Amino acid sequence: MSNGEPNPILNAASNAIAALRADDDQLELAKAHESLNPKAIEKLDVTEARQQPTAKDAVVTLLQKRGESADPEVLVPGVTLKRITVDGAVGALPANVYTPAGVGPFPVILYFHGGGWVIADKEVYDAGARGLAKAANAIVVSVDYRQAPEHRFPAAWDDALAAYRWLGQNAASLGGDPVRLALAGESAGGNLAVATAIAVRDAGLPAPRHVLSVYPVAQTSLNTESYLENAIAKPLNRAMVKWFVDHLVNSEEDLKDTRLSLIDADLAGLPPVTIINARLDPLRSDGAKLEEALRDAGVPVERREYEGVAHEFFGGAAVLQKARDAMAYAGDRLRTALG
């Protein structure tokens with residue numbers, strides 16, 4: 001039985017590659033994460049995996065080391081947090097509501113966190129959601145959808161659509177404008193954002209004005225260019241993605257489902273999409289393939305790839321310049337779309 005310790009040879013190789021390819025601030029953040037002694041998630045059971053230090057923990061560690069505040073309200077001033085529940089597919093889901101300063105009604109963004117549909121939650125991804133509220137001058141509702149393996153595919157997708165339906169009916173009670181809605185998410189949540197836009201179209205619900213998809217999962221092959229190039233990258237590697245998917249799906253058949261393999265879905269008629277990718281990320285090619293599929297379907301799409309940064313960089317604006325750049329870009333795209 002593995003104790004979950006990373007393979008020392010792969011670990012050393014991964015660190016050496018990162019030292020050559022990563023920006024200085026990304027490298028510093030990676031070292032902060034390493035100092036927390038994370039175990040190899042692909043060697044753990046789900047309970048242990050959910051207890052591992054997160055990208056958020058690494059940011060907090062680095063800020064504390066620098067003697068700087070890690071208080072979210074100091075890092076992103078002028079955004080207030082309220083905790084509520086929203087309707088999921090089979091029951092209430094916890095959600096965080098981030099409201100910018102100023103006079104509403106504001107546009108509303110429904111946001112889905114990452115974590116491979118298995119680990120993490122809205123608190124781990126607080127920085128991304130909070131940052132978007134300020135950058136887009138919009139209310140952001142970040143929802144804890146049901147996770148695998150307790151709730152396997154497609155539970156999270158069903159919850160995501162139900163939450164969007166709820167938001168359309170309840171945006172006004174949050175100080176939001178129910179006509180100006182958008183979808184956003186990171187990683188697994190980046191997939192959910194696009195998949196929900198498709199489900200909304202198919203259900204005949206009022207369409208969102210925009211979709212922001214940050215390093216999304218968009219297909220199910222682990223043999224893309226970026227999976228091979230970043231097979232032992234940190235904080236996300238090829239073996240971890242396989243571990244997530246194995247806990248998510250009921251059978252191999254699910255891998256063909258177009259909610260997971262977005263590039264094979266009918267994408268026609270979707271609202272404009274913004275895709276953000278990191279260079280040092282196994283999911284980079286997923287973003288490129290999704291951009292191509294959307295373009296082929298006639299959907300307006302823009303994708304930016306950020307050099308020198310890794311998966312999870314988007315929530316690191318407190319310590320990463322490229323995260324600040326990407327957040328400003330995402331905010332600008334959303335503000336323009338939401339009016």
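## Exercises on a predicted model

The crossing of helix 6 and helix 12 has a right-handed sense. The structure above is a predicted model, and the exercises below walk through parts of it.

### Exercise 1: Helix 6 and helix 12

Find out at what angle helix 6 and helix 12 cross, and which residues make the contact.

*Solution.* 
- Step 1. Locate the helices: helix 6 covers residues 126–136 and helix 12 covers residues 321–338.
- Step 2. Look at the axes, which come within 8 Å and cross at roughly 55°.
- Step 3. Name the arrangement. Angles from 65 to 115 degrees count as roughly perpendicular and those under 35 as roughly parallel; helix 6 and helix 12 are therefore oblique to each other.
- Step 4. List the contact. Helix 6 brings Ala127, Gly128, Gly131, Leu132, Ala135 and Ala136, while helix 12 brings Met327, Ala330, Gly331, Leu334 and Arg335.
- Step 5. Sort the residues of this contact by class: seven are nonpolar, three polar and one charged.

### Exercise 2: Helix 2 and helix 4

Work out how helix 2 and helix 4 are oriented: roughly parallel or roughly perpendicular?

*Solution.* 
- Step 1. Helix 2 spans residues 24–34, and helix 4 spans residues 55–65.
- Step 2. Their axes come within 8 Å, with a crossing angle of roughly 105°.
- Step 3. Angles of 65 to 115 degrees count as roughly perpendicular, and helix 2 and helix 4 are therefore roughly perpendicular to each other.
- Step 4. On the helix 2 side the contact uses Glu28, Leu29, Ala32 and His33; on the helix 4 side, Ala55, Ala58, Val59, Thr61 and Leu62.
- Step 5. The class count for helix 2 with helix 4 is six nonpolar, two polar and one charged.

### Exercise 3: Tryptophan 117 and the cores

*Solution.* 
- Step 1. Find tryptophan 117 in the loop between strand 3 (106–112) and helix 6.
- Step 2. Apply the cut-off: buried means under 20% relative accessible area.
- Step 3. Check the neighbours. Leaving out residues up to four places away in sequence, tryptophan 117 touches several residues, among them Tyr145, Ala148, Trp157, Leu192 and Leu260.
- Step 4. The largest nonpolar core has 69 residues, and Val86, Leu110, Trp117, Val141, Trp157 and Leu294 touch the most other members.
- Step 5. Look for another core: a second, separate one of 39 residues includes Leu132, Ala133, Tyr215 and Met327.

### Exercise 4: Aspartate 159

Find where aspartate 159 lies, and say whether it is buried or exposed.

*Solution.* 
- Step 1. Aspartate 159 is part of helix 7 (residues 155–170).
- Step 2. Its relative accessible area is 1%, so aspartate 159 is buried.
- Step 3. Not counting residues up to four places away in sequence, aspartate 159 touches Gly88, Ala89, Val90, Leu93, Tyr145 and Arg146.

Notes:
Residues numbered from 1 in each chain as written. Predicted model: local features only at pLDDT ≥ 70, side-chain atom pairs only at ≥ 80, totals over all residues. Heavy atoms only, no water. Axes fitted to C-alpha atoms, helices over the stretch in contact; angles between N-to-C directions. Helix = DSSP H or I, 4+ residues; strand = E, 2+ residues; numbered from the N terminus. Parallel < 35°, antiparallel > 145°, perpendicular 65-115°, else oblique. Left-handed = near helix turned anticlockwise from the far one by under 90°. Contact = heavy atoms within 4.5 Å. Nonpolar A, V, L, I, M, F, W, Y, C, P; charged D, E, K, R; others polar. Core = buried A, V, L, I, M, F, W, Y, C linked by side-chain atoms within 4.5 Å. Buried < 20%, exposed > 50% of the residue type's maximum accessible area, 1.4 Å probe, protein only.
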